[in-house]
Amino acid sequence: MQTIFNTIKDIAIKIDHAIKTEDLGYSDSSNSSGEDQLKLDVKSDHIIEEAFKDISLVKSLVSEEKEGVLELHENGKYTICYDPLDGSSLADVNLSVGSIFGIYEGELKGENLVASAYVVYGPRIELMTAVKGESPQHYRAQEGLFNFISKVSLNEKGKLNAPGGTQKNWCDYHKTFVDDLFAEGYRLRYSGGMVPDLHQILLKGGGIFSYPGTSDVPNGKLRQLFEVIPFAFIYEQAGGQAIDSKGKRLMDLVPKHPHDTSPCFFGSNYEIEALKEAYGVRS
Ligand code: AFP
């Protein structure tokens, strides 16, 4: 797995350079979900493909930006599902963005994810990696090299609240849940980029990020294989929880289509138990 994590470190340096030097405008193509692609989306996707094409461990690649599976090495062990530049629409307003990687062995479903990683492109480049049975590992880049900072774990209860989704289309009990947290003194921390938002909650000890199903998007916006499951793994390894609106572990998701989405809630135990209470799904 270290070979894959080292490849992600190389990718991070190249994508960070692209963010700082390339055209931030739109390309003339759209992705498999019909969203207009930024030139940076296309460039980041290309950097990742080029980096993994020589890694024999990697059987295939599945990109959030493209339809289908790119087969690389027949005898490879892992399929990497990735979001090359999540929140890319924030780059041209100089906010932090990120890349997300889910490393799967066998059928593409939650229980077959064996490791995950994400990169934050902010004032500095930071990397978080996670493997089974260990706390996630936090790294920071300096002059192109990644230094280990610490192992990361969540407190039982936090202070931060990152509520996503179009608020006017939230259901009443979700609105009540979010308002109650603010009434309890939680602080709003939502940038529109799930990578920096979830990174902040992880490093600041806890809280909750929510992207519910809403009347306009009943299945939520965030994609299971590329975004939701990789982060669910990291939050569980850090001692937190990650569930859907039925109270089910996001690690139990079995997508029918690679680009399936899911309502998702990531946080420390106190907040997720409060959410289960609010949604009436407490086990
Ligand atoms: P973009 O990649 O289209 O900027 O979307 C970012 C994202 O996938 C995720 O990073 C955010 O948490 C979420 O969408 C923001 O969605 P809203 O714009 O609905 O808040």
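Analyst: Let's start with rings: those of Phe, Tyr and Trp (its six-membered ring) pair if their centres lie within 6.5 Å, and planes under 30 degrees apart count as stacked, over 60 as edge-to-face and the rest as tilted. By this rule there are ten aromatic pairs. Y139 and F148 are an edge-to-face pair, because their ring centres are 5.6 Å apart and their planes are at 70°.
User: Before we go on, what kind of model is this?
Analyst: It's a predicted model, where local features need pLDDT of at least 70 and side-chain atom pairs count only at pLDDT 80 or more, while totals for chains, interfaces and linings use all residues. Residues are numbered from 1 along each chain as its sequence is written, and side-chain values use heavy atoms, leaving out hydrogens and water.
User: OK, is Y139 buried or exposed?
Analyst: Y139 is buried, at 13% relative accessible area, whereas F148 is partly exposed at 43%. Buried means under 20%, exposed over 50%, and partly exposed in between (1.4 Å probe, protein chains only).
User: What sits over the ring of Y139?
Analyst: The charged end of K9, 4.7 Å from the ring centre. That label needs NZ of Lys or CZ of Arg within 6 Å of the ring centre and within 35 degrees of the ring normal. K157 likewise lies over the face of Y270, at 4.6 Å.
User: New topic: which residues does K109 touch?
Analyst: Beyond neighbours within four places in sequence, K109 is in contact (heavy atoms within 4.5 Å) with Y104, L225, L253, V254 and P255. K109 is buried too, with a relative accessible area of 16%.
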